[in-house]
Amino acid sequence: MGLLVGCSSSNEQTQDVTNLTIYSGRSEEFIAPFLVEWETQSGIKLNIRYGDSAELTAQILEEGSNSPADLFLSQDAGSLGAISEAGLFISLPSDVAQSIPAQFVSVNRNWIGVTGRARVFAYAPDRVKTLPQSVADLTKPLYKNQIGIAPTNASFQAFVTALIQNKGEKFAKSWLQGLTANGVKIYQKNSAIVEAIDKGEISIGLVNHYYLWEVSKGLGRSINVKNGFFTPGDIGNLINVSGAGVLASSKKQGAAQDLINYLTSAPAQQKFVTDTHEYSLIDGANAPAELPRLDQIGAPSIDLGKLKSIKRTQDLLIEVGLL
Amino acid sequence: MNTRMQRALKLSLNSAVGMVAALSMIPLVYLFVRASDKPMGEIVQLLVRQKTLDVLTTTILMVVCVVAITLFFGVAIASGLHFVHLPLRRLLIIPTVLPLAIPSYVFTYTWIALVPSFSGFAAAVFILSLTTLPYIILVTLAGLRSVDGSQIEVARSLGLNYRQTFFRVVFPQIRGHASAGALLAGLYAMSDFGAVSLLNVETLTVSIQNMYRASYDRSAAAVISFVLIAFAVLFVIAEESIKTKSPDGQIVKTFSTKHALIRKRPLQVTVMFAVITFGVVAVVIPFYVLLTRFFSNPVGIDWRSLLTATISTITVAAIGAIIALVLSAPLGVLLSGKVTSFGRIAERTIVVGAALPGVVVGLALVSIGSKLGALYQTTLLLAFAYALLFLAKSVASMTSSLARVPNGVKEVAATFGMNQWSVVRKVIAPIAAPGIGLGTILVFLTAMKELPATLMLRPTGFETLATQIWSSTSINRFNEAAPFALILVLVAAIPSFYISRPDKADRAFI
């Protein structure tokens, strides 16, 4: 452990590093500006490999100790958990990403949360007169054939995992079956749900908060969709994170840690809020426009580190026929 | 040539084929290793659960529908283009080939943008039929060009009408080609992920991808991959039983490929209508949607990255196509001689591999490639991945073209003292060349739009047109994807035009 801490005061190690390889499950559009800025600051050239978080995870698992990657940036905690479970991440020294509260860091410090993503219900304000107070309301006849979910999506699965942890498997199962019985519509992606609400195909969808901006920007116009939160403390208000981990096979762990420090620094965190409409994880930070602050959402208290065990979630989703 | 040399030649040919077959088995071996991580009980449970059976049923139904639809329309359109006198006949082939250049997920996005409720089984069959129709049209056209025109003249002079002539004289000669096209279409439908997943149809490929995506469960994905492989094996066997019904030993193309073009007004109108409808549905509409998305929210075009991506795409796809050609050549030569069961097994192994989704082949090569040090994530390994992924296209075109060479001709040539190599070069190659060229270009066209394996195996930072389209569409920026999609189709149009030039194809026979 002492050795690892030694690594992190990484000045002499970072000096002879000229380039760093990043596998990024976060899309180029949103993360590249940050990485470019760090490149100029550090003088270290970044080789960035963009891909889908889950596919990059499968790739890292296949590569094992031969992975060319130094740092993995993921869209979700689940991917980071899978790599952590395979023992391919280092345990990050305590002076890395000090600004990030412990609830957004894995217990063994294998990975660090970088930005927050709130689970919300996106809805069409003109069609939904009675807003749901809890996820349990979504199985009521009031919302029949009106709801959209993306069961293959990592963020939805993280939510179901939290639901199982919070309310038990029996409840989660009957809730999922209730949704199916209520004519829930299945989509492949969160953005497809938001578009479907805008088009009038459905009225409510379980998504992450920032898809409103993403879809609207892509269409080049405003859309008829709003973000809604459930009653404080409801499991539907889960906060998930995008995050980062340093590969154990990397020979440039110091430089990779420096990059994590940059991404979790106050200026970079503020830039995430304004540019990508994600939540900063730093205590008391501003929220993205028109949204409550992170500590005002009333997020359920869930150990994100435990969300990696999605095997049971998977089996459950398969059992009820959603996967 | 003495018998010892001949035996040495045969041995080296067989070992070359063995090596290619072994290479094509990399994904299978990988899947086997991954699947064996799972305890037998779990494997059985996974295989017999209701869900697996449902998904298998969906997959089978979808493949059957796509093959039936594309076979009917593909053979009809190809025959129309070949036999009917039409204005701008050569140019008319282009819109029927161009859909090959449009990735199925882009295709689907554009249709969803146009028809919001576009979803489900019928929609998936529709999209996959549009995407695969060009395979059947192209392969059938290649077959039609080697149909003996004088036989048609004879049939007509004996009083057969057009329909009778087609079914009695023409169709038996192109059946092998059409079924090769159907094979490619069916395997494509099995392995497609982009279209079916967007349309909420769960096929085996979608299940496999979901297992990686949602549970990082590589073993479960491997087990389901074997279900897909089993189906592909049955499909290939079914196709072979159709193909082998083709008459063998006819002397083809000894007289003329010239035939009088049909000038009947109703036929001309029907063919024109079919081609135009297909062109509108499969080319004009996707373009229209892409362009309107682009102009409704225009962005500055990054010419530099557009140019770089174009050059990268062409280069790596071309290298891949050449590798596929080289890899399929020994098998072609082997199967053009006396067909051995070894050659058949090698052929089937390669063809069955085409049913595997790109992500599986990609991960198999990641698993092996990452142990190769400097070779990992190079353009060469990526090109090799393309060759492996699309080898079946090149092999299918090669063997169906070689099947057109009558055994009689080979035997006659051999009695004149030509050795096997000279027979290949002077007799077989000229007859089979157009089909082989077609196979190579098909590999090139498909490789240009490949995505999952490209994302995993490309050199870090290396962008192709497909990866650029993906990075924009994955965050719903169709407007930004449009220029890359347009260039992809334009680049693909050139080889499409080249292979569809009738005069070129005819000359290759002389």
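How far apart should the ends of the 13-residue helix α7 (residues 169-181) of chain A be, and what does the model show? Bear in mind as we go that this is a predicted model. At 1.5 Å a residue, α7(A) should span 18 Å, and its end C-alpha atoms do lie 18 Å apart, so expectation and model agree.

After the helix comes Gly183(A), with a positive phi near 70 degrees.

Now move along to helix α8 (residues 190-199) of chain A, where the setting is an enclosed one. Nine of its 10 residues are buried, so the rest of the structure largely encloses α8(A). Among those buried are Asn190(A), Glu195(A) and Asp198(A), along with Ile193(A), Val194(A) and Ile197(A). Their cover includes β4 (112-123), β5, α6, β7 (204-208) and α9 (211-219) of chain A. Here too a glycine follows: just after α8(A), Gly200(A) takes a positive phi of about 90 degrees.

Let's step across to chain B. Its secondary structure consists of 23 helices and zero strands. The radius of gyration of chain B is 23 Å, close to the 24 Å that the globule rule gives for 510 residues, so chain B is as compact as a globular protein of that length. Its C-alpha atoms fill a box of roughly 65 × 60 × 50 Å along the principal axes, and 53% of its residues count as buried. Among contacts in chain B with a separation of 6 or more, 86% join residues 24 or more positions apart.

Finally, where do the two chains meet? In all, 33 residues of chain B are in contact with 39 residues of chain A. On the chain B side, α10 (194-198), α11 (204-215), α16 (358-369), α20 (452-457) and α22 (478-499) each supply at least two residues. The largest share, five residues, comes from α11(B). By class, this side of chain B has 13 nonpolar, 15 polar and five charged residues.

Notes
Residues numbered from 1 in each chain as written. Chains lettered and ligands numbered in written order. Predicted model: local features only at pLDDT ≥ 70, side-chain atom pairs only at ≥ 80, totals over all residues. Helix = DSSP H or I, 4+ residues; strand = E, 2+ residues; numbered from the N terminus. Rg over C-alpha atoms; globule rule 2.2 N^0.38 Å. Buried ≥ 20, exposed ≤ 12 C-beta atoms within 10 Å, placed from the backbone. Contact = placed C-beta atoms within 7 Å. Nonpolar A, V, L, I, M, F, W, Y, C, P; charged D, E, K, R; others polar. Expected span 1.5 Å × (residues − 1).
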